[in-house]
Amino acid sequence: MDTTVLTVSEYIDLTNQTLDYAYPMVVLEGEVSQFKVSRDKYVFFDLKDEGASVGCFMMVFSLRVALEDGMKIRITAKPKLTQWGKFSLTVHNLELVGDGALQRAFELMKAKLTKEGLFSDERKRPLPSLPRRIGVISSTGAAGYKDFITLAGKRWGDMHIDVADVRVQGERSPQQVAAAFDYFNQAEQPYDALVLIRGGGSLDDLQAFNDELVVRAVAGSRYPVIVGVGHEQDVTLADLAADVRASTPSNAAEILTPNRYDFSRDIDLRLRSAVSTLKGSLRYLRESIDAQLGSMRDLTIDTVIRRREDLAGVMARIDLANPAQLISRGYAVASSSAGVVVRSVSDVRTGEKVMIQLSDGTLVTEVVDE
Amino acid sequence: MSKKTEQLDFAKEYDKLKKLLEWFESEDIDLAAAPKKYKEAQALAKKLQEYLDNAENSISVLDKDFDS
């Protein structure tokens with residue numbers, strides 16, 4: 001047999017070619033051990049079972065779940081022999097296996113993102129009261145989506161809704177959801193809110209909503225986000241990152257939209273209230289006019305009575321000064337024969353004639369003595 | 001996907017109605033102007049209520065593959 005002599009490098013290349021041919025990708029399940037991140041870039045861990053272990057490698061940005069020694073995972077990886085003769089699996093996809101692992105990863109990720117402040121109340125934005133332009137991120141085949149569209153349509157008719165049809169579970173879901181958020185963030189025409197919804201499912205089904213990519217997309221969304229995942233268990237990390245959390249897709253529709261019938265009734269009530277206020281104003285005005293007229297009338301009568309009394313007083317005084325009155329009371333007017341009124345004794349001489357006017361005639365008298 | 005009614009600027013029109021109706025509550029309203037203002041409010045309210053009754057959301061599924 002012809003034995004080719006290879007250099008070490010050539011052997012390593014040949015082995016890698018063979019591996020590439022035989023196992024372009026393998027899927028393995030095992031337990032994480034010796035997990036470490038080097039220089040914030042390179043992730044190394046061993047994947048092991050009871051009898052064996054194999055080294056794994058990946059870049060940190062590909063790792064979107066929190067890993068810890070002891071967790072059970074499933075990887076899709078490409079085997080290779082490194083230049084230094086080390087056998088390693090380059091991980092292309094990683095999934096948590098079993099509720100225990102899922103729960104643990106959830107807790108770790110939650111702690112990490114809470115520390116970053118992603119879930120803090122200050123970050124939460126309010127929803128618009130009258131939504132006009134909405135983006136929905138969901139799977140159009142899913143029951144949750146239909147429930148949302150139906151209820152939103154019943155409650156409100158003033159919206160334009162753009163729907164990004166994506167997978168809401170499975171391996172490809174996180175990238176698709178993140179891509180949908182990207183699309184809406186960059187759209188020319190702004191949106192009033194985005195709605196991320198899906199129906200209920202197992203902890204495993206909901207994994208995409210705990211994926212770091214999705215959680216960061218929700219937290220970093222340009223527009224307020226409502227997350228509505230229908231489930232009875234605890235919240236997902238996407239729920240925590242949302243501006244508003246709905247308990248189900250239907251609840252998301254209720255939160256987002258006002259009720260058109262309530263609105264219509266409100267308009268009716270406001271109109272009636274305006275009419276009754278107007279009637280009230282008119283009644284008040286009429287009453288106040290009546291009152292004013294009344295007081296004007298009273299004023300006039302009062303004045304007349306008072307004036308009359310004044311007049312009577314004046315007339316009485318005039319009467320008192322009336323010469324005819326005085327004469328009738330015994331006062332007389334004395335005048336000389338020339339007709340000049342005698343006011344003083346020096347006005348007449350003895351023997352002179354003096355006329356005395358009484359009420360019923362005139363006396364002719366003569367001065368006897370002065 | 002079709003809409004029976006044109007999309008109104010509902011928020012703006014509703015605001016207009018609210019302001020009109022607030023006028024009736026003010027202290028010294030010009031009673032001479034009241035009948036005309038009321039007719040205006042009534043017409044606007046009717047327009048809004050009709051829109052509320054009949055409008056339907058327009059839904060458009062984006063023609064885009066998000067699987068990059």
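User: Among contacts in chain A between residues at least 6 apart in sequence, what share joins residues at least 24 apart?

Analyst: This is a predicted model: local features need pLDDT of at least 70, side-chain atom pairs count only at pLDDT 80 or more, and totals for chains, interfaces and linings use all residues. Residues are numbered from 1 along each chain as its sequence is written, chains are lettered from A and ligands numbered from 1 in the order in which they are written, and side-chain values use heavy atoms, leaving out hydrogens and water. Contact means heavy atoms within 4.5 Å. Of the contacts in chain A between residues at least 6 apart in sequence, the share that joins residues at least 24 apart is 60%.

User: Good to know. Which element of chain B has the highest mean pLDDT?

Analyst: pLDDT is the predictor's confidence in each residue, from 0 to 100, and chain B averages 83, with 88% of its residues at 70 or above. Helices (DSSP H or I, at least four residues) and strands (E, at least two) are runs numbered from the N terminus. Among the elements of chain B, helix 1 (residues 10-25) has the lowest mean, 87, while the highest, 95, belongs to strand 1 (residues 58-61) of chain B.

User: What percentage of chain A's residues count as buried?

Analyst: Chain A holds nine helices and 13 strands. Buried means under 20% relative accessible area, exposed over 50% and partly exposed in between, with a 1.4 Å probe and protein chains only. Of the 370 residues in chain A, the buried share is 36%.

User: Is Ser264(A) buried or exposed?

Analyst: Ser264(A) sits in helix 8 of chain A and touches Gln49(B), Leu52(B) and Asp53(B), not counting residues up to four places away in sequence. The buried residues of this helix pack against helix 3 (143-155) of chain A together with helix 1 and helix 2 (34-54) of chain B. Because its relative accessibility is 12%, Ser264(A) counts as buried.

User: And which residues of chain B does Tyr145(A) contact?

Analyst: Tyr145(A) belongs to helix 3 of chain A and is buried, with a relative accessible area of 8%. Beyond its neighbours within four places in sequence, its contacts in chain A include Val136(A), Ser138(A) and Ile197(A).

User: How much area do chain B and chain A bury between them?

Analyst: Buried area is the accessible area (1.4 Å probe) that two parts lose on being put together, summed over both. The contact takes 37 residues from chain B and 41 from chain A. With 61% of it on carbon and sulfur atoms, the area buried between the chains is about 3300 Å².
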